[in-house]
Amino acid sequence: MIEKIVNPKELRHWDGKIELYWIYTSGKAGDEFFKKLKDEEKFIAAKCKKCGKVYFPPRIYCEKDFGETEFVEISGEGCVRAFTVARLDAYEKPLEKPEIYAVIDMDGTDGCLIHLLGEVEPENVEVGMKVKPVLKPKEQREGKITDILYFKPV
């Protein structure tokens with residue numbers, strides 16, 4: 001017979017913490033991407049040697065045919081596929097200035113990136129708008145996605 005607990009006070013529980021520790025790495029391809037971005041201000045993707053599909057963010061193998069990939073330089077520019085305007089922060093407090101988040105199709109690749117738009121007002125953003133990245137000054141870069149401050153209209 002299966003018992004049904006209808007009174008939550010009948011549930012057993014233990015107070016305390018479970019200590020967990022983990023490390024998330026960006027892998028070989030992600031590491032190469034962030035190094036190029038930080039040190040050389042370059043964007044890279046990965047091109048399959050078999051079928052020619054170009055992945056962004058880069059990958060070490062083709063997800064279509066498991067072919068080996070090679071890193072290729074791309075411009076870092078792209079087109080806005082979709083966007084949204086945030087007027088509240090994570091705590092539902094009004095932002096001083098709205099933030100624009102966009103899905104950006106990266107030129108020359110089959111991939112995209114979600115990032116902030118800058119140097120543009122929300123009412124002027126359009127789907128299909130060409131954008132290019134604005135990076136932190138070299139001495140402030142850390143090899144993270146936040147090294148890209150935002151994308152601005154071309």
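Predicted model: local features only at pLDDT ≥ 70, side-chain atom pairs only at ≥ 80, totals over all residues.
The protein chain contains 1 helix and 8 strands. Along the sequence they follow the pattern α-β-β-β-β-β-β-β-β, so the helix precedes the strands when elements are numbered from the N terminus. The C-alpha atoms occupy a box of roughly 60 × 45 × 35 Å along the principal axes. The radius of gyration of the protein chain is 21 Å, whereas a compact globule of 154 residues would have one near 15 Å.

Of the 154 residues in the protein chain, 29% are buried. The accessible surface amounts to about 11,500 Å², and carbon and sulfur atoms account for 52% of it. Among contacts between residues at least 6 apart in sequence, 48% link residues at least 24 apart.

The interior comes next. In soluble globular proteins, nonpolar side chains tend to be buried together. Here the largest nonpolar core has 22 residues, and Phe43, Phe56, Leu117 and Phe151 are those with the most contacts inside it. At least two residues of this core come from each of helix H1 (27-40), strand E1 (43-48), strand E5 (94-106), strand E6 (112-117), strand E7 (130-135) and strand E8 (148-153). E5 provides the largest share, 4 residues.

Phenylalanine 56 can be followed through its contacts. Leaving aside residues up to four places away in sequence, Phe56 touches Phe33, Phe43, Ile44, Ala45, Ile74, Met106, Thr109, Gly111, Cys112 and Leu113. Phe56 also belongs to one aromatic cluster together with Phe33, Phe34 and Phe43.

How many aromatic pairs are there? The count is 4 aromatic pairs. One of them joins phenylalanine 33 and phenylalanine 34, with 5.1 Å centre to centre and 70° between the planes, an edge-to-face arrangement. Phenylalanine 33 has a relative accessible area of 5% and is therefore buried, because buried means under 20%.

The rings of tyrosine 61 and phenylalanine 66 are arranged in another way: why is this pair stacked? The ring centres of Tyr61 and Phe66 are 6.0 Å apart and the planes lie at 15°, so the pair is stacked, because planes under 30 degrees apart count as stacked. Are these two residues buried or exposed? Tyrosine 61, with a relative accessible area of 40%, is partly exposed. Phenylalanine 66 has a relative accessible area of 65% and is therefore exposed, because exposed means over 50%.

Technical notes:
Residues numbered from 1 in each chain as written. Heavy atoms only, no water. Phe/Tyr/Trp six-rings, centres within 6.5 Å; stacked < 30°, edge-to-face > 60°. Buried < 20%, exposed > 50% of the residue type's maximum accessible area, 1.4 Å probe, protein only. Core = buried A, V, L, I, M, F, W, Y, C linked by side-chain atoms within 4.5 Å. Contact = heavy atoms within 4.5 Å. Rg over C-alpha atoms; globule rule 2.2 N^0.38 Å. Areas by Shrake-Rupley, 256 points an atom, 1.4 Å probe, with all protein chains shown as cover.
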